[in-house]
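The entries below follow the order in which I checked things.

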Amino acid sequence: MPLDDNRYLKGAPVAARIMDEVRAAAEKATGEGFKPRLVSITVGDVAAVDVYVRNQRAKAEKVGIDFEERPFPAEITAEELEAAIHGMNADPRVTGIIIQRPVPSHIPIKAIQGAIHPLKDVEGMHPSSIGNIVYNDLDLAPCTAAASVELLKATGLDLKGLEVVIVGHSEIVGKPIAFLLMSEGATVTVCHHMTRSVAAHARRADALFVAVGKARLIKADMVKPGAAVIDIGINSEVGPDGNSRLVGDVDTESVKEVASWITPVPGGVGPVTVAILLRNTMVALSRQRALYQSTYATESKVAAE
Ligand SMILES: NC(=O)C1=CN([C@@H]2O[C@H](COP(=O)(O)OP(=O)(O)OC[C@H]3O[C@@H](n4cnc5c(N)ncnc54)[C@H](OP(=O)(O)O)[C@@H]3O)[C@@H](O)[C@H]2O)C=CC1
Ligand SMILES: Nc1nc(=O)c2c([nH]1)NC[C@@H]1CN(c3ccc(C(=O)N[C@@H](CCC(=O)O)C(=O)O)cc3)C=[N+]21
């Protein structure tokens, strides 16, 4: 892929800027006695998260955040998993918890997300946390959604009144992108598998977000000339050389002739997602510290009794 083309909206510079902020925040918190520690929960063997977890560990270590992997067997019951999460909630050394998706179908994902204490919920996926973005409180949003919006902002386009189309409406990617962009003043259309003509909507978009999981779903004739295309899909396929490789949901080679900006896969949304996860880890830690302050920094009635 000729990544020297300046139409590529690369993740690296955006991720590097965020990582610098995170490193400074992590150093400061550690110096003040609050060491950030992120726990990653996987259930069963999920090949889809391998790259993500590997990158999380590498980047967390770079910025001074402890990273702990907690793999659980696929047969674990929802009750056992909830009990393990409650143990992490009560452990002061654990400052952030992420449940890597997908989890096996017998685990109710909403209930499991709900088991994470909202102050340690670094993805903002607790049913009560996710409501914050509906109220325009955007400090801690699901990582991929926040990363996709950061990349759109990096184009310099004015989001107010921008015509945005999102293809895919999962609770972790498509829906939160819609809420984040509505908060920023964009006009948002969300497409999914029942949409009559994804192409007809996509062609009207000044900014097109694609999070479906189908390689080359979006072709050049579905993109408005001059649009910004944010390709969130991560699909593994066997390349012409017989080796497996990652491709997005957009037919990049043809779409880059039409679009003004396009995020590459790999090297686009992925690295920014990891950076946002680490930024969220610091946001969660500062909320825990605020609670600690408000609990202990005032004169204690308990001690006086
Ligand atoms: N870069 C990153 O950081 C991340 C990348 N990903 C990648 O993004 C992709 C999407 O992930 P995720 O949201 O979790 O996936 P889901 O499978 O949960 O959601 C896919 C969405 O696409 C919709 N859809 C399916 N087929 C079509 C179609 N033909 N036309 C329009 N919409 C369709 C589905 O609609 P319906 O529900 O109605 O069927 C659903 O809303 C995957 O490739 C995943 O690997 C995911 C997370 C992070
Ligand atoms: N709770 C939860 N939240 C997620 O956000 C989530 C998840 N579960 N499950 C899996 C998917 C997938 N995902 C990726 C994030 C970054 C890269 C990433 O860093 N990609 C590099 C890959 C580079 C390389 O090949 O090493 C890139 O695109 O450049 C990949 C995949 C997050 N997801």
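Which residues come nearest to ligand 2? I looked this up first, and found that of the 22 residues around ligand 2, Tyr52, Asn55, Arg101, Pro266 and Gly270 come nearest. A residue goes into this shell if its C-beta atom, placed from the backbone, lies within 6 Å of the molecule.

I noted that this is a predicted model, in which local features need pLDDT of at least 70 and side-chain atom pairs count only at pLDDT 80 or more, while totals for chains, interfaces and linings use all residues. Residues are numbered from 1 along each chain as its sequence is written, and chains are lettered from A and ligands numbered from 1 in the order in which they are written.

**Ligand 2.** I then asked which elements give two or more residues to the shell around ligand 2, and listed α2, β3 (96-99), α6 (143-153) and α10. Helices here are DSSP runs (H or I, at least four residues), as are strands (E, at least two), numbered from the N terminus. The most comes from α10, with four residues. I sorted the shell around ligand 2 by class into 14 nonpolar, six polar and two charged residues; Ala, Val, Leu, Ile, Met, Phe, Trp, Tyr, Cys and Pro count as nonpolar, Asp, Glu, Lys and Arg as charged, and the others, Gly among them, as polar. Domain 1 (32-122 + 270-293) and domain 2 (143-262) both give residues to this shell, so ligand 2 lies between them; the bounds come from an automatic or database domain assignment.

**Ligand 1.** Around ligand 1 I found 24 residues, of which Gly168, Ser170, His192, Gly213 and Thr273 come nearest. Here too α10 gives the largest share, three residues. The classes are eleven nonpolar, 13 polar and no charged residues.

**Helix α10 and its neighbours.** I next looked at helix α2 (residues 50-63) and helix α10 (residues 269-296), which pack at an angle of about 50 degrees with their axes 10 Å apart. The axes are lines fitted to C-alpha atoms over the stretch in contact, and angles run from 0 to 180 degrees between N-to-C directions. α2 and α10 are therefore oblique to each other, since angles under 35 degrees count as roughly parallel, over 145 as roughly antiparallel, 65 to 115 as roughly perpendicular and the rest as oblique. For helix α1 (residues 11-31) I noted that its axis and that of α10 come within 9 Å and cross at roughly 20 degrees. α1 and α10 are therefore roughly parallel to each other.
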